[in-house]
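Please read them with the viewer open.

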Amino acid sequence: MKRNRTLAAASLVAALALTTAACGGTKGGGTSDSAGKTSASGFNAAVDKVLNPSDKKGGTLNLWTSTDVDSLDPGRAYYASVWNFERYYARTLLAFDGKPGKDGLKLVPDLAANQPAVSSDGKTYTFHLKQGLKFEDGSPITSKDIKYGIERIFAQDVVSGGPTYLIQSLDQGQDYKGPYTDTDPNKLGLKSVETPTDTTIVFKLAKADSSFPFLLAMGSASPVPQKLDTGAKYGDKPVSSGPYKFAKVEPGKGYELVRNENWDPATDPFRKALPDSVKLTVTSNADDMDARLLAGSVDIDFGQTGLSQAAQVKVLQDEKLKANTDDPYNGFIRFIALNQKVAPFDNIHCRKAVLFAADTTALQTARGGSVAGSTYGNMLPPNILGSDDYDPFGLTKGKPDLEKAKAELKECGKADGFTTTIAVRGNKAKEVNSAVALQTALKAINVTVNVDQYDGKLLASVAGAPDVVHQKGYGLIVAGWGADYPNGAGYMQPLMDSRFITKNGNSNYPETSDPAIDKLFDEAAAQTDPAKAADLYKQINHKVVDTAVWLPIVADKALNYRNPRLTNVFINDAFGEVDFQALGVSDGK
């Protein structure tokens, strides 16, 4: 998951510190900029405020999960909940602030002493480290450790699975293969990253990229001491730079974090480190986990993907239980894409006919109703700067406009309707339900939709392969998307930039190919003012939405339960989840 700033140095510093000028997110369960405010317990009480604020230390925080972590190695992890969990043990130069609402999108100095100094052309970032930074073994954290941590991910044959944005940004033709085969002293190391002193690190980009600071907030940019690196096995016991270190790592069973005595809170801008220990238990029984949650023996669901259907029904029928839940936007939009290369959707009027005929209330119901997400009119989620309530096809009205749909059919020369195929992952029940809901709605305008279910593990080679899409006549594709970093590029660029279209693993499902759109992405990347960048992302969003290639189903939400004993509970918009690192327990147990 799931996410860019710089002028001269002073401008970028202001930009990084003030990424709060956001738009949108006003629908129920949405986000706000009310950081610093607190709330009493109640439904959605932790969405944009701090619930049960406290500085009380002690006790054990009990996290449970029905899906094991993908990796504890910060260079290999890609699950959103693991990125959230990493804040306990993997610090970075910059980090998302520990605050609710839009303030959680701010990047604040973490290992860095200050915001970076940035060259006037936006291509060089210089960071100076804080004093007193140490790993769990007491050894100092230096700029070389940060560089080495980044270099590890270039060894994709060893450290695979995690985000590769830094490779794309920093390789610059060197074809660097990582430190494990890096033996030539004349070519040692990644040339675009320099460490002139132990407390200075310099990044040199090929071109200005205002998203670059977000990449430095990912775990893949956290420090790793070379002498303690175990390569592909590093996730068995990663070395902590944060307030906690691992006491137990048992894949498939559980994990335990205990206090790191070499972490100095004076160097840390936001981590409270309240519990004495944090336990993560892995279970194969999601229903049992939810039962334990409601009974109070589990504090929170690590996955943050929402209660099971049975538990959700129970909670929503009991006001006392419902008061311990939050239903925030999680940064995903679930959608149906219309492919412009598959007839008759090469005609915009045929595409518009589908959007006007869609029953968005039925589509929302297919995902689980209003608790699962809000009807939505565009393709920029509420938690991202530049989002707004743009809705040119009236999708948020919740009902079809058949007169307009039939008029568009006449315009596209298909007054009597047409037949098309919708591709959907057969092992994703909500997506299949969505496909059927659209199939039913389009019958009203005599458009026949054949539903083709495929194995979801083949997404990259089926719906993500344009040649296959054309061959099979997939005019419609059901999918969803969440940003790896919370800005317009992080969300929209893989979906809308023609340069991101690939033969396999393609996410630009409509195959949008517009030089004007690509240019706007470049202009936004070169921006130093986040408000101006957000305006460019808003323009991109509106421009692409107007082409009628996206049918948003919902701006996704997840109903999660929190143990009443938890303190400092709030949703961090950067993750769309409860910020784990802030949590404490009121009873000290």
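The points below cover conventions, a sheet, a helix and a disulfide.

1. Conventions. This is a predicted model, in which local features need pLDDT of at least 70 and side-chain atom pairs count only at pLDDT 80 or more, while totals for chains, interfaces and linings use all residues. Residues are numbered from 1 along each chain as its sequence is written, and side-chain values use heavy atoms, leaving out hydrogens and water.

2. Four strands make an open, antiparallel sheet, ordered 6-7-9-8. Strands are DSSP runs of E with at least two residues, helices are runs of H or I with at least four, and both are numbered from the N terminus. Two strands pair if DSSP finds at least two bridges between them. Strand 6 (117-118) and strand 8 (193-197) are the edges, each pairing on one side only.

3. Pairings. Strand 6 and strand 7 are antiparallel over two bridges, with Ala117 opposite Thr126. These two strands form a hairpin with five residues between them. In the turn, Gly122 has a positive phi of about 75°. Strand 7 and strand 9 pair over five bridges, and Thr124 has Lys204 as its bridge partner. Strand 8 and strand 9 (residues 200-204) pair over three bridges, including Thr197 with Thr200.

4. Faces of strand 7. Which residues of strand 7 lie on its covered face? They are Tyr125 and Phe127. Thr124, Thr126 and His128 make up the uncovered face.

5. Helix 3. Helix 3 (residues 143-152) packs on the sheet and touches strand 8 and strand 9. Contact means heavy atoms within 4.5 Å. The helix direction makes about 165° with that of strand 8. Axes are lines fitted to C-alpha atoms, for helices over the stretch in contact, and angles run from 0 to 180 degrees between N-to-C directions. Nine of the 10 residues of helix 3 are buried, so the helix is largely enclosed by the rest of the structure. Buried means under 20% relative accessible area, exposed over 50%, and partly exposed in between (1.4 Å probe, protein chains only). Among the buried residues are Asp145, Lys147, Glu151 and Arg152. Their cover includes helix 4 (165-170), strand 8 and strand 9.

6. Disulfide. The structure holds one disulfide, defined as a pair of cysteine sulfur atoms within 2.5 Å. Cys350 is joined to Cys412, S to S 2.3 Å. The link is right-handed, with 80° about the S-S bond. Cys350 sits in helix 9 (residues 348-357), and Cys412 in the loop between helix 11 (402-411) and strand 17 (419-425), 62 residues apart. Both cysteines, Cys350 and Cys412, are buried.
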